[in-house]
Amino acid sequence: MKTLSKNSKIVFLSTFPPTHCGIATFTEDTINAINKIYGKSIISEVCEITFSGEASASSTYHLPSKEKEAYVKVASQINSDPDVKLVHIQHEFGLFGGQYGDYILDFLKELKKPVAYTFHTVLPNPNPDLKAVVQLLCSYSKAIFVMTNKSKSILIEDYNIAENDISLVPHGTHLVDYETTEKAKKKFDFEDRIVLSTFGLLGEGKSIETGLRALPKIVEKFPNVLYLILGKTHPNTIVNNVDVYRNSLDAIVAELNLENNVRFVNEYLEVNQLLDYLKATDVYLFTSKDPNQAVSGTFSYAMSCSCPIVASKIPHTMESLTSDVGILADIQNVEQFADATLKLLSDSSLRDAMSINAYAKTTKTSWENTAIKHINVYQKIAEGLSDIKISYPKIKMDHQKTMTTEMGMIQFSKISEPDLDSGYTLDDNARALITICKHYQLSGDRSDIPYMNTYLNFISRCQLENGTFINYVDKNNTVEDRNSNENLDDSNGRAIWALGYFLRLSGKTIPYDMTHKANSSLNLAMNCVSEMHSPRAIGFAIKGFYHAYNVVPTENLKNKIIFLSHKLQAMYEHTSSANWNWFEDKLTYANSILPEALLLSFLITGEERTKEIAVESMDFLISKMFIDGRFKIISNNGWHEKGAIPHNYGEQPIEASYMMHALDIFYRALGKSEYKKYLKKAFNWFLGDNHLNHIMYNPITGGCYDGLEKENVNLNQGAESTLCYLSARLLIETYTSRAKGNKLFKVKTDEHYHFSLSNLKESNTNDCKENILPVQLNKNYKTKSARSLIVIK
């Protein structure tokens, strides 16, 4: 495995694929997740445990489990690499030689690196020898991972391990693209079958016979049941090439005449194949007979694929399988398994509810989220990991496009399934137009243009003869009554913002009829802005006029900007005080739009007081949204009243996105590096730097979750949240090395300096060394660097 000395390394001591065992798969999934999120600054290496033969080519180190002298040798090899910052041992007693696997103690005595453990088995009521071994292991580290509360309590109560040394990180789960069971069944032609399933390496501990013997009672009522038994036989149960356990299961199938109701899939399934089978499952049967099994990966996988479950009572299931997700049964109790399965199959509404609850419960335990939790613990015990960088996820426009019909972008989704009944809004289609334009500016992907046209047509459809806009249109393209009952100022402001932003693309690459339509719509809307009273609507409108002014700098546009910015300034002068530099008596939603709009106005007019208020209010907002080094969104559970203690939780993705874009403008215009640092911290909120350490985007769909609450995330991936995440992700891309490096040159037109947003690149000015803001500087406003700015055509 190739290594780079400039990176910190973490060594995982474990079995590893192609070895077929749960711990090998667990380790591979953990490493993949850490690499996905932190791969820019961490190299994950494997010290592979084997029981015979050589390690795989992908492993850096090799530990033959039964060779006692190998433990000191491999520890010495790891010590010799100064880039190794930590060794993470996946612990199972059977992995290591000696009594209770005590050969590993030789490794620990020799090792000079910090150590973390994951205990996959924690046995209660230990005898003195077992207790002594575990206590010795724990004495070498203050980072001990367990996957259930039960395991944690056993370590504390039976082994006297300090609670502060133990971290509970549940078994990771794969994020999947949610789909209904009916849809998933089509991949296998299972539409006419009721599907039960179980999976894993087959062995006596799985007690598959329990499910088989429960099946006749189930088939009696549901003759179209198909029980899928997924997975190869565990190699340890095959003796002299005879698969004794599988043969015994075949005999039970024949004895009970279940040939038409049982299907063995005798394969080691790839992850995506396995997930597809699980998504097609109506009820998952977890039949393990080991009462001390601390955790089960197969059980976790089934929950993540939204399976209602009937499960044996082991520590993991008794802790995780609440009554809203499934039903517990006594170990090997055939009658209880049959009755519980019949109860679920007889109530489709109950199964649907359990399906959603299971999916929601395991999203927080995604491998990505467990990676974040692991790194947080590593940083407490190992030097050299404090400054690791998060890798930005791939830009993925799939969910935006999935949510878009010929009419426009649908408002809401149920998990990731578009909810057509929720209809369409001007708000969302305005945001969608801006986001797809940003993607086109970065990628040049001409397949974006039809989507631009769809969103532009929707905006035009919402405009009335007097220039104002309605906001709500139902799935049948009918204007909803609530347009008459709500203040639509903000929606009108967003429409102006989107139209102005779209005009930035006017030119040879965009069809003329589209730019003409946007221009006509914007001109008509200009007649109505004098009636706007909402400060945010005014802010949105200023943004739209600013972009339009960068295309055609007319006096009319400039006057509109001056008029609107003076309205905002009047609000500020009326309300602000020594300790409250703000426009209103409370901080609510889209707050950053207000200082951002004033700064954009200043860039057009050069009015010094406009700039002063913009900076004062922005710095005040920063003081309220960056607390103890972490970005904290203003709660929508009651907003932040002047002079009151702010509310917690109720955090929305739109606030992170808006704040980022405002900070981007301030950084590019004023060149203060603090703004860029805050911008990146705000984006890290999406990546799990929040109070739940939960990623807020779905890397499978490209969507974004709708909200962060006290103890959970709203998993619906609606239009607003998805568009705000994508807009934020596209913005952060302009700060990466991939977005820099093209030829730069200067453009001057009619005494105005014109800066294109289409491909922002690095500047060599002293004021701002990243990406230069698109501005139109009034020719009478003097600035030292105005004549030397470098821009991109």
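**Close-up views of a predicted model**

View A. Helix α10, which spans residues 297-304, is mostly covered, with seven of its eight residues buried, where buried means under 20% relative accessible area, exposed means over 50%, and partly exposed lies in between, using a 1.4 Å probe and protein chains only. The buried residues of this helix are T298, F299, S300, Y301, A302, M303 and S304. Helices (H or I, at least four residues) and strands (E, at least two) are DSSP runs, numbered from the N terminus.

**View B. S306 follows helix α10 and has a positive phi.** The residue S306 sits in the loop between α10 and β14 (309-312), and its phi is near 60 degrees, a positive value in a residue other than glycine. With a relative accessibility of 5%, S306 counts as buried.

**View C. Y100 also has a positive phi, although it is not a glycine.** The phi of Y100 is about 55 degrees, and this residue lies in the loop between β4 (84-91) and α3 (104-110). Y100 is partly exposed, because its relative accessible area is 28%.

**View D. The peptide bond from P17 to P18 is cis.** The omega of this bond is near 20 degrees, and P18 is found in the loop that connects β1 (8-14) with α1 (22-38).

**Notes on the views.** Residues are numbered from 1 along each chain as its sequence is written, and side-chain values use heavy atoms, with hydrogens and water left out. As the model is predicted, local features need a pLDDT of at least 70 and side-chain atom pairs count only at pLDDT 80 or more, whereas totals for chains, interfaces and linings use all residues.
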